Amino acid sequence: MNKYRHPIKTTLALTLGVGALGLLSACSGVSELTKERVAQSETSVQQAQQTAGKSEHAAVELQQARARLDAAKSAVAKGQEQQAERSAAQAHLYAELAIAKSQSGDARKAADEVLASLNTLRQETERTTPTQE
């Protein structure tokens with residue numbers, strides 16, 4: 001019977017030890033994974049800035065991405081793991097949205113220019129072509 005108690009005590013001690021280590025690591029700060037995610041979000045925001053440039057199409061989203069990135073960095077400095085993760089994810093999503101809106105706006109602008117050129121060409125063609133009766 002003693003044979004069965006020992007594994008239970010060992011399991012209990014191991015579980016408590018792992019829990020204590022988890023608690024200590026939570027108190028010691030933010031994990032490397034979270035720091036890496038914040039750094040990846042920073043890269044996303046920088047890419048969005050380069051892609052969107054001064055495009056008015058994505059200005060609001062780019063501003064939101066920067067604000068969320070700042071919040072993520074602040075949360076890392078305060079040791080707030082979940083808030084840092086959440087803000088980093090939001091920064092990344094806003095950066096992606098800024099890129100998409102910028103590209104969409106640029107494509108829309110190019111399409112409008114093509115349509116305007118076609119309309120001009122059509123008008124010139126109608127003027128120079130004699131009407132048949």
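Colleague: Is Ser-41 buried or exposed?

Modeller: This is a predicted model. In it, Ser-41 counts as buried because its relative accessible area is 4%, under the 20% cut-off.

Colleague: Where does Ser-41 lie, and with which residues is Ser-41 in contact, leaving aside its neighbours within four places in sequence?

Modeller: Ser-41 belongs to helix 2, which covers residues 32-52. With those sequence neighbours set aside, Ser-41 is in contact with Leu-69, Ala-88, Ala-89, Ala-91 and His-92.

Colleague: How much of the protein chain is buried?

Modeller: Of its 133 residues, 20% count as buried. The accessible surface of the protein chain is about 10000 Å², and carbon and sulfur atoms account for 57% of that area.

Colleague: What share of the contacts comes from residues 24 or more positions apart?

Modeller: Among contacts in the protein chain with a separation of 6 or more, 73% are between residues 24 or more positions apart.

Colleague: Let us turn to Gln-103. Why is Gln-103 classed as partly exposed?

Modeller: Gln-103 has a relative accessible area of 47%, so this residue falls between the limits of 20% for buried and 50% for exposed. Gln-103 lies in helix 4.

Colleague: How far apart are Gln-103 and His-57?

Modeller: In sequence, 46 residues separate Gln-103 and His-57, while their C-alpha atoms are 8.6 Å apart in space.

Colleague: A change of topic: what is the average pLDDT of the protein chain?

Modeller: The average is 81, and 76% of the residues score at least 70.

Colleague: Which elements have the lowest and the highest mean pLDDT?

Modeller: Helix 1, residues 2-27, has the lowest mean at 45, whereas helix 3, residues 59-78, has the highest at 95. Over residues 1-6 the pLDDT is below 50, and this stretch has zero contacts in the model beyond near neighbours in sequence. Residues 16-27 also have pLDDT below 50, with zero contacts in the model beyond near neighbours in sequence.

Definitions and conventions:
Residues are numbered from 1 along each chain as its sequence is written. This is a predicted model: local features need pLDDT of at least 70, side-chain atom pairs count only at pLDDT 80 or more; totals for chains, interfaces and linings use all residues. Side-chain values use heavy atoms; hydrogens and water are left out. Buried means under 20% relative accessible area, exposed over 50%, partly exposed in between (1.4 Å probe, protein chains only). Contact means heavy atoms within 4.5 Å. Accessible areas come from the Shrake-Rupley method with a 1.4 Å probe; for residues, only the protein chains shown count as cover. Helices (H or I, at least four residues) and strands (E, at least two) are DSSP runs, numbered from the N terminus. pLDDT is the predictor's confidence in each residue, from 0 to 100.
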